[in-house]
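Student: I have a model open and would like to talk through its side-chain contacts and surface. Could we take it one question at a time?

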Amino acid sequence: MKYWIIGAIVVISLGYANYIMEEREQAANEAYRLRVVAQRKAAKDKAFNDLAARGEFMTTFAAVKK
């Protein structure tokens, strides 16, 4: 009977450790996804600002509008 209790404690501990590791992995994936989204937005904003600074955005916008 003593071994059953020890076995149950070990199984519960391993299950909880697995749960914690999955939560950490999901948090890391979410942080990575948010970082990539922020980098893409920054690159898009930079490209837009570069075009606007050269005045090409307005001509592109006017061409699309016609």
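Student: Which residue lies over the face of Y3, and at what distance from the ring centre?

Tutor: Happy to start there, with the note that this is a predicted model, where local features need pLDDT of at least 70, side-chain atom pairs count only at pLDDT 80 or more, and totals for chains, interfaces and linings use all residues. Residues are numbered from 1 along each chain as its sequence is written, and side-chain values use heavy atoms, with hydrogens and water left out. A charge sits over a ring if NZ of Lys or CZ of Arg is within 6 Å of the ring centre and within 35 degrees of the ring normal. Over the face of Y3 lies K2, and its distance from the ring centre is 5.8 Å.

Student: Is W4 buried or exposed?

Tutor: The classes, for protein chains only and a 1.4 Å probe, are buried under 20% relative accessible area, exposed over 50%, and partly exposed in between. W4 sits in helix α1. Because its relative accessibility is 71%, W4 counts as exposed.

Student: With which residue does R33 form a salt bridge?

Tutor: A salt bridge needs a side-chain nitrogen of Lys or Arg within 4 Å of a carboxyl oxygen of Asp or Glu. The closest N and O atoms of R33 and its partner E30 are 2.9 Å apart. Both residues lie in helix α1 (residues 2–54), 3 residues apart, about one turn of the helix. R33 is partly exposed at 42%, E30 is partly exposed at 37%, and the partner asked for is E30.

Student: How far apart are the closest N and O atoms of D45 and K41?

Tutor: D45 and K41 are 4 residues apart in helix α1, about one turn of the helix. D45 counts as partly exposed, at 35% relative accessibility. In their salt bridge, the closest N and O atoms are separated by 3.0 Å.

Notes:
Helices (H or I, at least four residues) and strands (E, at least two) are DSSP runs, numbered from the N terminus.
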